[in-house]
Amino acid sequence: MRLPKPSKGLIGVDITSATVKLLELKPTDGNHEVASYAVRPLRDGAVVERRIQDIDDVAHVLGRAAEHARPSTRKAAVAVPASAAITKTLSFPLGLSEEEIEERITEDPERHIPFPINEVAFDFQLLGPSPFNEDEQRALLVACRQQDVRQLTETLEKAGLEPAAVDVETFAVERAFDSLRHQLTTQLEASACVALVDIGAHMNAFHVMREGHIVYSRDTVFGGRQLTDAIRERYDLTMEEAGLAKKRGGLPEDYHAQVLTPFLETIVQQVGRSLQLYYTAGRHHEVKEIVLAGGSSVLPGLAERIAEDSGMNVTIANPFQHMLVNKRLNKDALSNDAPAMLTACGLAMRARH
């Protein structure tokens, strides 16, 4: 089963353990316009470790997000987690067509894919002639279980959307990272390394980007949910009340010293540890700058503390900073949500690809 192909006018849908994010980008002359978007919270347990546990619940929330956003298309792109996908670069004779390459993959699947072909959804992209053999061409193969694709596409369909593309999260992040290059304060060469730290609700993802690709990744089970839990426990609030207080403020005077600062220090330590492990793994390209993403990246003082600890410039991701924004959207709300929208943005950007 080949993965669905994208078409023009896509909605990027990012389903995480805490939220559903929907984003529609319209291609303009050399740029994009943010046409519509919405972010809606999910109940605990609906999605666990990027895997949907309750399709009906997630579809209901996604449908509400679509009703709020009122996108001009129903075609949507969604992504499987990187942990659920297999990617390989394969070599084939130079003269083979895409149809012939597909036939070779399906005729000898065990050579390329570690599970039965009847359970697999796969796709490939031609990368051009091999730099090592002038008689061969390279192709990037991506495969995952059909079950993972069906679960996502069924969720989109139940929400009233039309599945048009299935991607891999890391590919979407790479695509969105192009829109962040203007934010880098140092004029880095294309080969320079930048660390992208994505602080989600439950996971902290550390990526090193070089020449537009992720060359190193490390995930840590720690995110914004831990801060919400700490607020709830210290001030005897419900989870909903603690989440609102974290965003809107108004907590007692001891909040910064007793709750926020220890949380920030833990993230600073994790970023430092991830950098250390990157170099320990034998990586020789020096990281020159850090970009923060995810909902917790905007916490007061976090960027400054990481900059102080690392000695590097640290910026907060906003992939929409140089994009046009539809007049009916709230620019301030979009700016606040922007750091957490990288995956949705990368998926929506497939409209150009």
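**Strand pairing, cores and selected sites**

Strands β2 and β3 (residues 31–41) pair in the antiparallel sense, with 10 bridges between them. The model is a predicted one. Within this pairing, L25 has V34 of β3 as its bridge partner, and E24 stands opposite S36 in β3. The two strands form a hairpin with two residues between them, where G30 takes a positive phi near 75°.

On its other pairing, β2 (residues 19–28) is joined to β1 (residues 11–15) in the antiparallel sense over five bridges. One of the residue pairs here is I15 with V20, the latter lying in β2. β1 and β2 also form a hairpin, with three residues between the strands. Strand β2 is mostly covered, as seven of its 10 residues are buried.

These strands belong to an open sheet of six strands with mixed pairing, in the order β10-β6-β1-β2-β3-β16.

The loop between α1 (55–69) and β6 (75–80) contains T73. T73 counts as buried because its relative accessibility is 15%, below the cut-off of 20%. The side chain of T73 reaches the backbone nitrogen of K75 at 3.1 Å.

The largest nonpolar core has 33 residues, and the residues with the most contacts inside this core are I290 and I306. At least two core residues are supplied by each of β11 (193–199), β12 (204–210), α5, α6, α7 (255–280), β14 (287–293) and α8 (302–310). Helix α7 contributes the largest share of the core, 10 residues. With neighbours within four places in sequence left aside, I306 is in contact with I267, V268, V271, I290, L292, G311 and V314. A second, separate core has 32 residues, including V47, V58, V78 and V168.

Helix α6 spans residues 239–248, and its buried residues are A242, G243 and A245. These three residues lie on the same side of α6, because they cover an arc of only 165° around the axis. The face turned away from the buried side of α6 carries the exposed residues E240, K247 and R248. The cover over the buried residues of α6 includes α5 (224–235). Following α6 is G249, with a positive phi near 85°.

Four aromatic pairs are present in the structure. In the pair of Y278 and Y279, the ring centres are 5.0 Å apart and the planes are at 65°, so the pair is edge-to-face; the cut-off for this class is over 60 degrees. The two tyrosines are assigned to separate accessibility classes: Y278 is buried, with a relative accessible area of 1%, whereas Y279 counts as partly exposed at 36% relative accessibility. Ring pairs link Y278 and Y279 with F206 and Y216 into a cluster.

Helix α9 (residues 331–337) contains N336. N336 counts as exposed because its relative accessibility is 59%, over the cut-off of 50%. N336 and E33 are 303 residues apart in sequence, and their C-alpha atoms are 17 Å apart in space.

Conventions
Residues numbered from 1 in each chain as written. Predicted model: local features only at pLDDT ≥ 70, side-chain atom pairs only at ≥ 80, totals over all residues. Heavy atoms only, no water. Buried < 20%, exposed > 50% of the residue type's maximum accessible area, 1.4 Å probe, protein only. Helix = DSSP H or I, 4+ residues; strand = E, 2+ residues; numbered from the N terminus. Arc of directions from axis to C-beta. Contact = heavy atoms within 4.5 Å. Polar contact = N/O pair within 3.5 Å; in protein donor to acceptor, adjacent residues only side chain to side chain. Core = buried A, V, L, I, M, F, W, Y, C linked by side-chain atoms within 4.5 Å. Phe/Tyr/Trp six-rings, centres within 6.5 Å; stacked < 30°, edge-to-face > 60°. Pairing = 2+ DSSP bridges.
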